[in-house]
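Hi everyone, thanks for making time this morning. I'd like to walk you through one model, so let me put it up on the screen.

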Amino acid sequence: MKKVLIANRGEIAVRVIRACRDMGIATAAVYSECDRAALHVRFADEAWPVGPSAPRESYLRIDAIVDAARKAGADAVHPGYGFLAENEDFAAACRDAGLIFIGPSPEAITLMGSKTAARQVAIKAGVTVVPGTEEPLAESVSDAEVLEIASGIGYPLMLKAVAGGGGKGMRMVASAADLPGALRAARSEAQSAFGDGAVYLERRIMSPRHIEVQLLADHHGTVLPFVERECSIQRRHQKVVEESPSMVVSESLRRRMTSAAASVAKAVGYTNAGTIEFLLDEDGSFYFLEMNTRLQVEHPITEMVTGVDLVQWQIRIARGEKLTLDPEALLTPRAHAIECRIYAEDPDNGFLPSPGRIQGLRVPQGPGVRDDSGAYEGGEVPIFYDPMISKLVTWGETRDHAMQRMRRALAEYQVRGIRTTIPFFQWILEDEDFKAARFDTSFIDRKLGAPGRGPLYPIDAAHEDLATIAAAVQMFTKPVTNGAAAPVASRWRDAARVQALR
Amino acid sequence: MNFEVEIGERVRAVGVVRKGTMLHVTIDGTTHIVDARRVGESALSLLVHADGAAQARSVDASFAQMPGGDLDVHVDGRVVSLQIRPAGSFGRQKKAGPGGSGSGPQRVVAPMPGKVVRVLVKPGDEVKARQGLVVVEAMKMENELKAARDGRVRDVSVREGQSVDAGAVLLVVE
């Protein structure tokens, strides 16, 4: 393998470029119109345009990406996560074009990509699934019929896209009255995200934790599971904080969950990196939820506690190498790692997306800190893609140590010019329940929905004073940037005019 | 030089005078003696002595002018959004925040650039507070914009499928 084309953008494209460079493999990036100056383009050895900014016209264009790989003379394609990473047609198109797809076979993607088919695989492999519909409910199935089926499962229940992932096309339904609205929203979101509006129903486990098991599987029959990741901290079904290991998974539970995960993967002849997601009930029983047939966003925490470079192993497996890792070491976490997904969203304004130009950026550094980012000072966060700009990961000798380092790293992190979820994580890190690892998947939505809640993470008087002093000094001493010293007051008049026009 | 600084609802008067190499910053009658060094176009290192104290607090501050008019001050690991203006320069500014819950018509505006995926109401509809009015898709997520209070839909100025800029008025509830 001499050259890898990375069929993705943002932080994950940068992550894959780094792995390739570590291995002495050349890299080719692809980019849409608005991503011409994105970090992954700047980092790659070469870059190929694949179309306009809308994902459908660029990063989701199988023909354009395979064409770019051919023109680049790449011999392999890494899909990252999202976009085409779990698209069996893309994996097949790569294979047909003589390119190595760094991921599982198109057949495994197809099988596990259907959430209902994946449930059947798990059942056959002897792994328990959450009770629910075993057949997909196509868009042609009427509301009345879905209501009928739902009453058989009972409320509350979860409505999920058959082609789903990343929380899209997923809704919690508390009662029959909410079902039609939730069904409409889930189908529409699933249709636009995955091109398939089919959904299925699952009984809702009341206080579950979301625990997942990373796997690597080679082409020689070896499947190796890794120590679990705890991913219960979610907002609107999107993971926002992950950690490894989980504080509630005992050594014996770890053995059972990881071997269940491995048996699901073996049942489909799975190869490359994948993740089995489980719901863990309060009584310690766990249920297969789904399999993600790709590298996960949160893979760095596993790398931090095992020392394994998962992306390098994806490439080595794709080259046909045998897994030579020690299975016991992969199940023995070295201390603790936490990840916060930093989004360009304003937590004090209903988490509305906050795209725009990053005027200034200071990235945390120092012991135990890793920042996987696609952002840079002066760069733009475009409106077209997922608003995640960085994954901040800290490692510590204990969970408390990792949390202390995360607080320190979040305080060092400055992203100026757009609003980010950094204050949201600072608030979570001060929460007594989070600190005690007392939570389930409803933790964030419950805390955010608390009645009479004020600002998420209020600014204290001391910080208000310091900010006031700093702002006054800044105005008093601000350098005039263009030419002659324009009096400060004229800028205020300009500002007043702008205000009057609003 | 005197400024007014507004944080949330609170407005404070701030005076800055240069005395030798130091700046004297007075807030609400308390004077802070500040040694300020510029470390970037939008960044300052400040050593702040509280009223005559020998001990100085080291404050690393940086700034971003936000599109809505706020100045975001990054200080000590926190972000404080404020408005600052020379004292008395153009009177009290009223923040024209979208979708306030006061009286008068509610103009529902697009909070960010995106695409209108669904309009859930039509002119003349009676709506309840928190009822969904329009769904705007941006950055792969669908965001439902809700009524701030009970009222009647007056104008609907967008249609499904239309792209909208941040701040565009989508509809009005009165």
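A word on terms before we start: two strands are said to pair if DSSP finds at least two bridges between them. With that in hand, look at chain B, where V135(B) stands opposite E144(B) in strand 13 of chain B. Strand 12 of chain B, residues 132–138, pairs with strand 13 of chain B over 6 bridges, in the antiparallel sense. As a reminder, strands of a sheet pair through backbone hydrogen bonds, either parallel or antiparallel.

Which order do the strands take in this open sheet of chain B? There are 4 of them, running 13-12-10-15, and the pairing is antiparallel. At the edges sit strand 13 (141–146) and strand 15 (163–164) of chain B, each of which pairs on one side only.

Now let's zoom out, keeping in mind that this is a predicted model. The secondary structure of chain B comes to 16 strands and 0 helices. Chain B is divided into domain 1, covering 2–86, and domain 2, covering 106–173. Over C-alpha atoms, the centres of those two domains of chain B are 39 Å apart.

The overall dimensions go with that picture. The C-alpha trace of chain B spans about 65 × 35 × 25 Å along its principal axes. Its radius of gyration is 22 Å, while a compact globule of 174 residues would come in near 16 Å. Buried residues account for 30% of the 174 in chain B. And if you take contacts in chain B between residues at least 6 apart in sequence, 39% of them join residues at least 24 apart.

How much confidence does the predictor report? Chain B averages a pLDDT of 85, with 90% of its residues scoring at least 70. The stretch to watch is residues 92–102 of chain B, where pLDDT stays under 50 and the model has 11 contacts beyond four places in sequence. Where pLDDT is low, the predicted coordinates should not be read in detail. For the complex, the predictor gives an ipTM of 0.82 and a pTM of 0.83.

Last, the contact between the chains. It takes 53 residues from chain B and 39 residues from chain A. Which element of chain A supplies the largest share of the side that touches chain B? That is helix 17 of chain A, with 15 residues. By type, this side of chain A divides into 23 nonpolar, 10 polar and 6 charged residues.

That's my tour, and I'm happy to take questions!

Terms used: Residues numbered from 1 in each chain as written. Chains lettered and ligands numbered in written order. Predicted model: local features only at pLDDT ≥ 70, side-chain atom pairs only at ≥ 80, totals over all residues. Helix = DSSP H or I, 4+ residues; strand = E, 2+ residues; numbered from the N terminus. Contact = placed C-beta atoms within 7 Å. Nonpolar A, V, L, I, M, F, W, Y, C, P; charged D, E, K, R; others polar. pLDDT = per-residue confidence, 0-100. Domains from an automatic or database assignment. Rg over C-alpha atoms; globule rule 2.2 N^0.38 Å. Buried ≥ 20, exposed ≤ 12 C-beta atoms within 10 Å, placed from the backbone.
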